[in-house]
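Me: I would like to learn how to read this structure feature by feature. Could you take me through it slowly?

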Number of protein chains: 2
Amino acid sequence: MHTSLDCIPCILRQVLDASRLISNDPAFHDQSLRDALGWLQDTDLNLSPPAIAQVIHRSLRQKSGMDDPYHSIKARQNQLALEMIPFLKDKINSSEDPLLLAARLAIAGNIIDLGANGDLELTDIERSIAQALSMPFVGDEEKFRQAIKSAQSILYLADNAGEIAFDTLLIEQISPERVTLAVRGAPVINDATMEDAIMVGLDKIVRVISNGSDAPGTILDDCDDNFRQLFRSADLIIAKGQGNYETLNDEKANIFFLFKVKCQIVSRLVNQPIGTQILTQTC
Amino acid sequence: MHTSLDCIPCILRQVLDASRLISNDPAFHDQSLRDALGWLQDTDLNLSPPAIAQVIHRSLRQKSGMDDPYHSIKARQNQLALEMIPFLKDKINSSEDPLLLAARLAIAGNIIDLGANGDLELTDIERSIAQALSMPFVGDEEKFRQAIKSAQSILYLADNAGEIAFDTLLIEQISPERVTLAVRGAPVINDATMEDAIMVGLDKIVRVISNGSDAPGTILDDCDDNFRQLFRSADLIIAKGQGNYETLNDEKANIFFLFKVKCQIVSRLVNQPIGTQILTQTC
């Protein structure tokens, strides 16, 4: 999807949040926002929102001299999510429909939206999970079940740190030997990288690859050849999070998107209200 | 108050809303937003938010070739508010404390926040009034009552169209012969001008002057000499709306501000949550 004019104020809000998380220096916040204003003035809105976020977060990392400003936040998010896993596995094991419950919990991971919230506590995650499980889930579950059943190769696109621990639950239900998990190629915001996949133990149960890109989404032209080849050859792609939806929703591929609708623009696109936990396809 | 970095995304959101209200042409919306991005990149944040809005809305009017893009919206807002007045007067006449009820209703006018909502219906206003009357009202009511009692000259600063009809209720309670009502000197957003004061009949009960400025607040240096002289000589100033607060909160004058807290920045400044109906002083 391209970037809407409505995304611009929202992107600037994120620049401000990120700059404050990276530094306590008001001059850094001011300069980061002004740089983003200048860059956005001439930017091509045919780019997707994650493509714009990629440029902006590269610039923030460069200005701050930090390769991975969210490193400690991501570690904490992984740790908090991991603490939930035994409890959630028990729920899945005693469920009548383990696959569907695992899919719902994988979306719950996205709902938590650990984002830039460094103060997140375990009780916040627990509350989010309870909320996620009690909220309606929109999508063709049966079609998803059949797609998983018939696929010989599945490419699973991860989203954020923390959330990636919840992906373990769904991957375990879909026979990990068929699955390749792709993470971002380099740190951007709190998106999951190889380090996060290893931290939550996914490398022990599934083949994990980097997509070669530092975009907070999946911009195929920016990914490496290995990833693109897997993307084109996979029977089924499971894409987590709104960033992956925003970058892949126009692709002709067998993709199921699992995410929570987080803004008005995507809400209009999927024709569901903000907050909806959605399982959707585009082709 | 100066403009916070947090105001920037909010100002851009307003630019987008205003450009869409002024024109149906997507190219106009795009150019308006890009022009604002460019201008904000170098802007002095020591200016108040209304001072920034003044420049931006001047530019929107100039680009659109419309002197008063909100003209018909303001007329409708005045008309809708006027329809409520007989009902509200009845409530005040049967009240044990008419002054205080009139003050609450004057703030209710600000709560309605007719803003750019061209689709506003009478039922929306009725709902807002009912809500306003049932919500707690924060401020030193007794001090306000005493200030009104002892003042020989009162300068009343209006805020928006529509809302100005509700100001009639309070002005009637404070002996109109002592009061001068000041409106904006030229159209800006849906702020009340002389035409609106006349439309709601305020010129029949009180002396109405223009402040000489097209800022959506009261920037003294931008107002005319006549207004400034009245401002400096008034025993008491009653200032309606957040825009007047944002531009006058650092002034050493006997000002009572009546408004609804509408954003996080002002919320922190007055130490009250967003949505609070407030009666506050700064000196």
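**Where the chains meet**

Reply: In this predicted model, 15 residues of chain B are in contact with 15 residues of chain A.

Me: Which elements give two or more residues to the side of chain B that touches chain A?

Reply: They are helix H1 (7-22) and helix H2 (26-41) of chain B, and H2(B) gives the most, with eight residues. By residue class, the side of chain B that touches chain A divides into eight nonpolar, three polar and four charged residues.

Me: Through which surface do the copies meet?

Reply: Of the interface residues of chain B, 100% are also interface residues in chain A, so the copies meet through the same surface.

Me: What rotation superposes chain B on chain A?

Reply: A rotation of 180°, with 0.1 Å of shift along its axis, brings chain B onto chain A with an RMSD of 0.0 Å. The two copies are thus related as by a two-fold rotation axis. In chain B, the C-alpha nearest that axis belongs to Pro9(B), which lies 2.2 Å from the axis.

Me: Next, the inside of one chain: into which domains is chain A divided?

Reply: Chain A is divided into domain 1, residues 7-64, and domain 2, residues 71-281, and the centres of domain 1 and domain 2 of chain A, taken over C-alpha atoms, are separated by 25 Å.

Me: How many residues of domain 1 of chain A are in contact with domain 2 of chain A?

Reply: There are 13 residues of domain 1 of chain A in contact with 14 residues of domain 2 of chain A. On the domain 1 side of this contact in chain A, helix H1 (7-22) and H3 each supply at least two residues, and the largest share, seven residues, comes from H3(A). The residues on that side of domain 1 of chain A divide into eight nonpolar, three polar and two charged.

Me: How should I read the packing of two helices, and at what angle do H2 and H3 of chain A pack?

Reply: Two packed helices are described by the angle between their axes and by the distance between those axes. Here helix H2 (residues 26-41) and helix H3 (residues 49-64) of chain A pack at an angle of about 145°, with their axes 11 Å apart, and the crossing of H2(A) and H3(A) is right-handed. H2(A) makes the contact through Ser32(A), Asp35(A), Ala36(A) and Trp39(A), while H3(A) makes it through Val55(A), Ile56(A), Ser59(A), Leu60(A) and Lys63(A). The residues of this contact of H2(A) with H3(A) divide into five nonpolar, two polar and two charged.

Me: In what order do the strands of the sheet in chain A lie?

Reply: Seven strands of chain A form an open sheet in the order S1-S7-S6-S5-S2-S3-S4, and the pairing is mixed. Strand S1 (137-139) and strand S4 (207-210) of chain A stand at the edges with a single partner strand each, so one side of each is left without a neighbour in the sheet. Direction ignored, neighbouring strands of this sheet are turned by 20° against each other on average.

Me: How many bridges join S1(A) to S7(A)?

Reply: Three bridges join S1(A) to strand S7 (residues 277-281) of chain A, and the two run parallel; Gly139(A) stands opposite Leu279(A) in S7(A).

Me: What strand order has the open sheet of chain B?

Reply: The open sheet of seven strands in chain B has the order S1-S7-S6-S5-S2-S3-S4, with mixed pairing. Within chain B, strand S2 (residues 154-157) and strand S5 (residues 236-240) pair in the parallel sense over four bridges, and Tyr156(B) stands opposite Ile238(B) in S5(B).

How values were computed
Residues are numbered from 1 along each chain as its sequence is written. Chains are lettered from A and ligands numbered from 1 in the order in which they are written. This is a predicted model: local features need pLDDT of at least 70, side-chain atom pairs count only at pLDDT 80 or more; totals for chains, interfaces and linings use all residues. Axes are lines fitted to C-alpha atoms, for helices over the stretch in contact, and angles run from 0 to 180 degrees between N-to-C directions. A crossing is left-handed if the near helix is turned anticlockwise from the far one by less than a right angle, and right-handed if clockwise. Two residues are in contact if their C-beta atoms, placed from the backbone, lie within 7 Å. Ala, Val, Leu, Ile, Met, Phe, Trp, Tyr, Cys and Pro count as nonpolar, Asp, Glu, Lys and Arg as charged, and the others, Gly among them, as polar. Copies are superposed by least squares on the C-alpha atoms of residues with pLDDT of at least 70 in both. Two strands pair if DSSP finds at least two bridges between them. Domain bounds come from an automatic or database domain assignment.
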